[in-house]
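Hello,

Here is the structure we spoke about. Please open it first, then read the notes below it.

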Amino acid sequence: MSSFKAYFKKEITEGIRNYKFLILAIGIILFAILDPIMLKLLPEILKGQTQGVDISQFMNINHRFSITKYMNDIYNIANIVIALTLMGVITDEIKDKNIVIPLTKGLNLEGLVIAKTLVYSLIITSFTFVGFIINYYYSQILFPENLVSISSVMKSCLLYSIYLLFVISLIYLLSSIFKRGIVAALLSILIIFTMPLIINIKILSNYLPFYLIKQANNFNVIFDSTLTISILWTLTYIVIITVITIDRLKRIEIN
Amino acid sequence: MLEGFTAFELLKLFAPLIIFELTLKVFCIVKIIKDGVRNLSIPIWLIIIVLLSTFGPVSFLLCGRRRKYD
């Protein structure tokens, strides 16, 4: 337990020192502010581009649309930022030979991986909730029509957070397999963006973590049996992936 | 543009973005001056940070920042 506490503290210190928390905050929270403002300005910008033709008549930009836009940005951009920020979390341990210390001292590697997962899960979940609240507030000021209730947005946020936990564990697994962090990041980005294609296969759709994103985008999240099963499957994937990551690290050969 | 808003309301709306962006740029520039860079030269990183909004500073923090043990 004491080694886990030490790993936990080390991970927080390292995150602050390498500005990983700052980059994650920028990647997740910035769009919460930027998206509603850009959507408000978009009709005016397009009007300038199309010589007086008011394109905004063809678009129905409201509170719901603004929050959906933020959700899409979280999926498209925040995922890339997370992958690029966390790609080195495990590969750097191996590359810099820091992993030798727990291995030679007989300390448990489970604690190392769990501490890393826990720290970044807590940080990313907190940033996601903060981002959604900021986005909700800004969207409400700029688009007072067609308001979505805060409880629906928070439910969607919860699903996004669970999905992002899966992304974190996936990045850790890949970075324990590949020696170069960038390869792990690119492969995890590839898997993340391939999932929307695989979800078209009906038999698999409910068992993939992307199903959570699909449900979250509907806003009308009802925790029925299908969604609960999907959440349980995603949590199972996270546990399995973390166990494989720990196993990989135990078998690693340090040159 | 933005008919329903007064100048003060607009300033309040944009203030977090402006403060956020400026702080990030200043922070990265100070970091370059104090610690140096990697992968690209200092003038190129300065141009990227100044000209590219948000993505410039983020890409510097990810790929250009010189770490203590570099």
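**Chain A: contacts and build**

In chain A, 82% of the contacts with a separation of 6 or more join residues 24 or more positions apart. Two residues are in contact if their C-beta atoms, placed from the backbone, lie within 7 Å.

Before going on, some ground rules. This is a predicted model, in which local features need pLDDT of at least 70, side-chain atom pairs count only at pLDDT 80 or more, and totals for chains, interfaces and linings use all residues. Residues are numbered from 1 along each chain as its sequence is written, while chains are lettered from A and ligands numbered from 1 in the order in which they are written.

Chain A has eleven helices and zero strands. Helices (H or I, at least four residues) and strands (E, at least two) are DSSP runs, numbered from the N terminus. The C-alpha trace of chain A spans about 70 × 40 × 30 Å along its principal axes. Of the 255 residues in chain A, 40% are buried. A residue is buried if 20 or more other C-beta atoms lie within 10 Å of its own, exposed if 12 or fewer, and partly exposed in between; the C-beta atoms are placed from the backbone.

**Confidence**

The model scores ipTM 0.75 and pTM 0.84. pLDDT is the predictor's confidence in each residue, from 0 to 100. Chain A averages 84, and 93% of its residues score at least 70. Its lowest helix is α5 (residues 100-104), with a mean of 73, and its highest is α7 (residues 150-177), at 90. Chain B averages 83, with 89% of the residues at 70 or above.

**Where the chains meet**

The contact takes twelve residues from chain A and ten residues from chain B. On the chain B side, α1 (7-35) and α3 (55-64) are the elements that give two or more residues. The largest share, four residues, comes from α1(B). This side of chain B divides into nine nonpolar residues, one polar and no charged. Ala, Val, Leu, Ile, Met, Phe, Trp, Tyr, Cys and Pro count as nonpolar, Asp, Glu, Lys and Arg as charged, and the others, Gly among them, as polar.

**A helix pair in chain A**

The axes of α10 (residues 210-217) and α11 (residues 225-250) of chain A come within 9 Å and cross at roughly 140°. Axes are lines fitted to C-alpha atoms, for helices over the stretch in contact, and angles run from 0 to 180 degrees between N-to-C directions. α10(A) and α11(A) are therefore oblique to each other. Angles under 35 degrees count as roughly parallel, over 145 as roughly antiparallel, 65 to 115 as roughly perpendicular and the rest as oblique. A:Tyr211, A:Leu212 and A:Gln215 of α10(A) make the contact with A:Leu227, A:Ser230, A:Ile231 and A:Thr234 of α11(A).

**Single residues**

A:Tyr19 has a positive phi of about 60° although it is not a glycine. A:Tyr19 sits in the loop between α1 (2-17) and α2 (20-49) of chain A. A:Tyr19 is buried, with 20 other C-beta atoms within 10 Å.

B:Thr54, also not a glycine, has a positive phi near 60°. B:Thr54 is in the loop between α2 and α3 of chain B.

B:Leu46 lies in helix α2 (residues 42-51) of chain B. Not counting residues up to four places away in sequence, B:Leu46 touches B:Ile29 and B:Ile32.

Best wishes
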